[in-house]
Amino acid sequence: MIHYLDHAATTPVPKAVADAVYEVLTQQYGNPGSQYPMGREAHALVERCRGELAAALGCRAEEFVFTSCGTESDNCALRLAAWQGRHAGRHIITTAVEHNAVLEPCRQLEQEGYEVTYLKPGRDGCVTAEQVEGALREDTVLVSMMLVNNETGCVFPVGETAKLLKRRGSKALLHTDAVQGFLKIPFTAASLGADLISVSGHKLGAPKGVGGLYIGPRVRAQRPLLAGGGQENGRRSGTEATAQLAGFAKAVELRREHLADTLLHLSELRDYALSRLLSIEGVVRVGEGTAPHILSISLEGYPSANVVEDLGKQGICISAGSACHRGRASHVYEAMDLPKKVRAGVLRVSFGPETTREDIDALALALERHRSERFPML
Ligand code: PLP
């Protein structure tokens with residue numbers, strides 16, 4: 001029996017979503033660029049999917065561009081903002097705990113002459129709008145701050161940062177990586193006030209390989225994210241991945257339909273997991289994340305890679321941090337300056353609509369067993 005507690009890494013695809021994908025693959029497989037009816041139907045399907053995503057983000061359909069994943073959305077958002085501001089300045093503000101999909105393009109931009117300020121979080125894992133204000137300069141052209149940290153579940157003050165930039169009359173564009181926040185933290189493009197918002201499908205029940213980027217009215221750069229045949233209204237070329245788009249739209253529709261119940265279910269699970277897991281000797285909480293679906297803990301002194309491996313053999317899927325690290329030390333926990341013992345044993349548990357209390361009980365039992373049968377390394 002599998003106890004899947006790694007929904008921040010990726011999520012299972014519900015049957016209704018898989019059915020929507022299958023139907024497009026086998027019945028509505030036309031190229032949206034083709035002139036005959038099947039092509040026009042495929043085009044109409046793409047626009048219906050865009051409408052669903054735009055409704056979920058509270059934006060206009062023209063402001064939403066489909067991409068292949070959250071990573072592409074982040075990369076493109078940073079490139080677009082840097083391009084727009086290239087004559088105004090070369091300073092970027094971000095946080096030290098962004099996903100690598102933001103940090104790596106920042107490093108590329110540094111090599112191209114940009115200066116990047118990486119805001120450090122406190123031990124709670126959070127970064128404040130005051131820190132952004134302290135780093136803001138005349139030549140700041142972009143602030144990139146994630147909405148929910150993928151390892152700690154900390155919710156960052158994106159809305160407050162947008163207001164601050166406005167109050168200070170800054171020309172800087174605001175990008176938020178909302179890959180972990182979309183349909184987990186209620187927001188709209190307007191309530192966040194960000195100019196660029198990245199989302200990804202596979203974190204909420206869509207297949208892997210589809211994402212999107214909200215591009216607000218302050219982004220005027222006419223530079224396509226991908227140059228080519230002019231799809232996505234000239235903003236991102238490439239034949240539309242119609243089946244994935246249909247899956248993304250269906251997954252979003254399902255999540256929106258049950259949003260209030262799902263969010264309640266997730267936060268109840270997180271609270272249950274907190275009390276159940278913290279009652280195990282040696283388990284401590286890491287950071288003070290408030291997102292309903294992510295909980296970061298540490299089995300102090302017990303190397304997390306061993307715990308994840310051991311639990312994995314018992315069918316319990318959790319993570320030692322972000323799935324992208326594959327055993328490498330996480331820059332997030334490093335930036336938080338956690339004590340060595342805590343950092344060594346960091347574990348991320350993340351929930352989805354399908355998660356039950358039994359999954360958490362199985363995790364607690366397995367952690368207790370691991371603790372009693374193994375020796376700490378630190
Ligand atoms: N940003 C955050 C915060 C994430 O958690 C992830 C995936 O783990 C990404 C970006 C990358 O998204 P994708 O896997 O769709 O490329």
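**Figure 1. Asn233 in the loop between E8 and helix H8 of the predicted model.** Asn233 is found in the loop that runs between strand E8 and helix H8 (242–257), and the model is a predicted one. The phi angle of Asn233 is near 60°, a positive value in a residue other than glycine. Most residues other than glycine have a negative phi. With a relative accessibility of 71%, Asn233 counts as exposed, because the cut-off for exposed is over 50%.

**Figure 2. Leu183 in the loop between E6 and H7.** Leu183 has its place in the loop between strand E6 and helix H7. Its phi is near 65°, again a positive value in a residue other than glycine. Is Leu183 buried or exposed? Leu183 has a relative accessibility of 9% and therefore counts as buried, since buried means under 20%.

**Figure 3. Asp195 and its surroundings.** Asp195 lies in the loop that links helix H7 (189–192) to strand E7 (196–200). Its relative accessible area is 7%, so Asp195 is buried. Which side chain makes a polar contact with the side chain of Asp195? The partner is the side chain of Arg218, at 3.1 Å. Leaving aside residues up to four places away in sequence, Asp195 touches Ala172, Leu173, Leu174, Tyr214, Ile215, Gly216, Arg218 and Val219.

**Figure 4. Strand E7 and the strands paired with it.** Five of the five residues of E7 are buried, so the strand is largely enclosed by the rest of the structure. Leu196, Ser198 and Ser200 are on one side of E7, Ile197 and Val199 are on the other, and both faces are covered. Strand E6 (residues 173–177) runs parallel to E7 and is joined to E7 by three bridges. In this pairing, Thr176 has Ile197 of E7 as its bridge partner. Strand E8 (residues 211–215) runs antiparallel to E7, with five bridges between the two. Here Val199 stands opposite Gly212 in E8.

**Figure 5. Strand E12 and its partner E10.** Strand E12 (residues 346–350) is mostly covered, and five of its five residues are buried. Val346, Arg348 and Ser350 point one way from the strand, while Leu347 and Val349 point the other way. Strand E10 (residues 294–299) and E12 run antiparallel and are joined by five bridges. One of the paired residues is Ile294, whose bridge partner in E12 is Ser350.

Figure 6. Of the 13 residues around the ligand, Gly70, Thr71, Asp177, Ser200 and Lys203 come nearest. A backbone N or O atom of Gly70 lies 2.8 Å from a ligand oxygen atom. For Thr71, an N or O atom of the side chain is 2.6 Å from an oxygen atom of the ligand. Asp177 has a polar side-chain atom that lies 2.6 Å from a nitrogen atom of the ligand. The ligand has 390 Å² of accessible area on its own, and the protein covers 90% of it. Which helix gives the most residues to the shell around the ligand? Helix H3 (residues 70–84) does, with three residues. By type, the shell holds three nonpolar, seven polar and three charged residues.

Key:
Residues are numbered from 1 along each chain as its sequence is written. This is a predicted model: local features need pLDDT of at least 70, side-chain atom pairs count only at pLDDT 80 or more; totals for chains, interfaces and linings use all residues. Side-chain values use heavy atoms; hydrogens and water are left out. Helices (H or I, at least four residues) and strands (E, at least two) are DSSP runs, numbered from the N terminus. Buried means under 20% relative accessible area, exposed over 50%, partly exposed in between (1.4 Å probe, protein chains only). A polar contact is a pair of N or O atoms within 3.5 Å; within protein, one must be able to donate a hydrogen and the other to accept it, and residues adjacent in sequence count only if both atoms are side-chain atoms. Contact means heavy atoms within 4.5 Å. Two strands pair if DSSP finds at least two bridges between them. A residue is near a molecule or strand if one of its heavy atoms lies within 4 Å of it. Accessible areas come from the Shrake-Rupley method with a 1.4 Å probe; for residues, only the protein chains shown count as cover. Ala, Val, Leu, Ile, Met, Phe, Trp, Tyr, Cys and Pro count as nonpolar, Asp, Glu, Lys and Arg as charged, and the others, Gly among them, as polar.
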